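Visitor: I am new to this structure and would like to be walked through it slowly.
Guide: Gladly; let us look at the sequence and the structure together.

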Amino acid sequence: MSDFQLTRTLPADATDAALRADVSEGLTRHPKSLPPKWFYDARGSELFEEITRLEEYYPTRAEREILLAHAGDVAAASGARTLVELGSGSSEKTRHLLDALPGLHTYVPVDVSESALRGAAGTVLAGRPGLSVHALVADFTRPLDLPDSPGPRLVAFLGGTLGNLLPKERAGFLRSVRERLAPGDGLLLGTDLVKDEETLVAAYDDAAGVTAAFNKNVLSVVNGELGADFPLDAFDHVARWDAEHEWIEMRLRARRALNVKIRELDLVVAFERGEELRTEVSAKFRREGVREELAAAGLRLDQWWTDAAGRFALSLSTAR
């Protein structure tokens, strides 16, 4: 019989404390920055879903293409009895894997949103008798205590989210994942690939302005949660390709000089005209670079699949 269990590893006030710390630190340094996780309140999630349907935004379609074509290959190579998904959200894409893993015993979705986990679990369990779902309300960038479950384990980190971490953060994250795997367990990793600048910039600066609204939503979150008075119309959305680091940067550029009051932090933040606030880094990868980063964390790259156009990759690596 299907069963559902939920474990909260984050204190009830953890999100508020993290937002306060990130805003206080990020807006008082130079250059200013905020982590991309603060895009995602309810409105931000709606905007991102809209982004994934845009013609310019290829990663979601490309990754789905790979999953549809190779979920069976992933299942055969991993032999997973436990699937752990980091940043699971709605678990929509993961259902292709769930359907391809006939011997799966336990699914462990990990997300900061309890409501998202409960909603996804209900959908996942429908029509999958015998599957056990043990959801974790947790921040996947921090060390995780995974529930006891049968091996082999397969950890899935999809969507290219690895690229939102800076190189040192990526190295620490991959080491942390490896520490929670037994030899022979696997990591299924989604990575967006280096390609021409025009395609990359368009994916983060669409003609309809949806990504611009998504970018500015981080200011709306700070306004709503911390009593700030960011005027959204005083900032322009900027997306640029950094060829040296091979990543896209999203920024918000002040149209004029202004002082922003953040009531809950008793903080006033000054912006000069033209000053930019970095809100996201989205690194793009090459196969050899992925192999090297995995190897440094103690993982061996075994399988590499791309979509037909070679825009996005899923890799399967094994804990050594």
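Predicted model: local features only at pLDDT ≥ 70, side-chain atom pairs only at ≥ 80, totals over all residues.

Guide: Residues are numbered from 1 along each chain as its sequence is written, and side-chain values use heavy atoms, with hydrogens and water left out.

Visitor: How many aromatic pairs does the count come to?
Guide: Rings of Phe, Tyr and Trp (its six-membered ring) pair if their centres lie within 6.5 Å, and planes under 30 degrees apart count as stacked, over 60 as edge-to-face and the rest as tilted. Counted by this rule, the aromatic pairs come to 13.

Visitor: What kind of pair do phenylalanine 48 and tyrosine 57 form?
Guide: Phenylalanine 48 is partly exposed at 22% relative accessibility, whereas tyrosine 57 is buried at 8%. Their ring centres lie 6.1 Å apart with 80 degrees between the planes, and the aromatic pair is therefore classed by its angle. The name for this pair is edge-to-face.

Visitor: How many residues apart in sequence are the parts tied together by phenylalanine 230 and phenylalanine 271?
Guide: The two rings have their centres 6.1 Å apart and their planes at 70 degrees, so they make an edge-to-face pair. Phenylalanine 230 is buried, with a relative accessible area of 4%. Helices (H or I, at least four residues) and strands (E, at least two) are DSSP runs, numbered from the N terminus. Since phenylalanine 230 lies in the loop between helix 8 (210-226) and strand 8 (235-242) and phenylalanine 271 in strand 11 (residues 267-271), the pair ties together parts whose separation in sequence is 41 residues.

Visitor: Which ring has the charged end of lysine 32 over it?
Guide: A charge sits over a ring if NZ of Lys or CZ of Arg is within 6 Å of the ring centre and within 35 degrees of the ring normal. The charged end of lysine 32 is 4.9 Å from the centre of the ring in question, which belongs to phenylalanine 271.

Visitor: Where is proline 31 found?
Guide: The peptide bond that leads from histidine 30 to proline 31 is cis, with omega near -5 degrees. As for its place in the chain, proline 31 is in the loop between helix 1 (14-26) and strand 2 (32-33).

Visitor: Is serine 91 buried or exposed?
Guide: Serine 91 has a positive phi near 60 degrees, in a residue other than glycine, and its place is in the loop between strand 3 (82-86) and helix 4 (94-100). With a relative accessible area of 1%, serine 91 is buried.

Visitor: How many salt bridges does a search of the whole structure find?
Guide: A salt bridge is a side-chain nitrogen of Lys or Arg within 4 Å of a carboxyl oxygen of Asp or Glu. Across the whole structure, the number of salt bridges found is 27.

Visitor: How far apart are the closest N and O atoms of glutamate 114 and arginine 118?
Guide: Glutamate 114 and arginine 118 both lie in helix 5, four residues apart, about one turn of the helix. In the salt bridge between glutamate 114 and arginine 118, the closest N and O atoms are separated by 3.0 Å.

How values were computed: Buried < 20%, exposed > 50% of the residue type's maximum accessible area, 1.4 Å probe, protein only.
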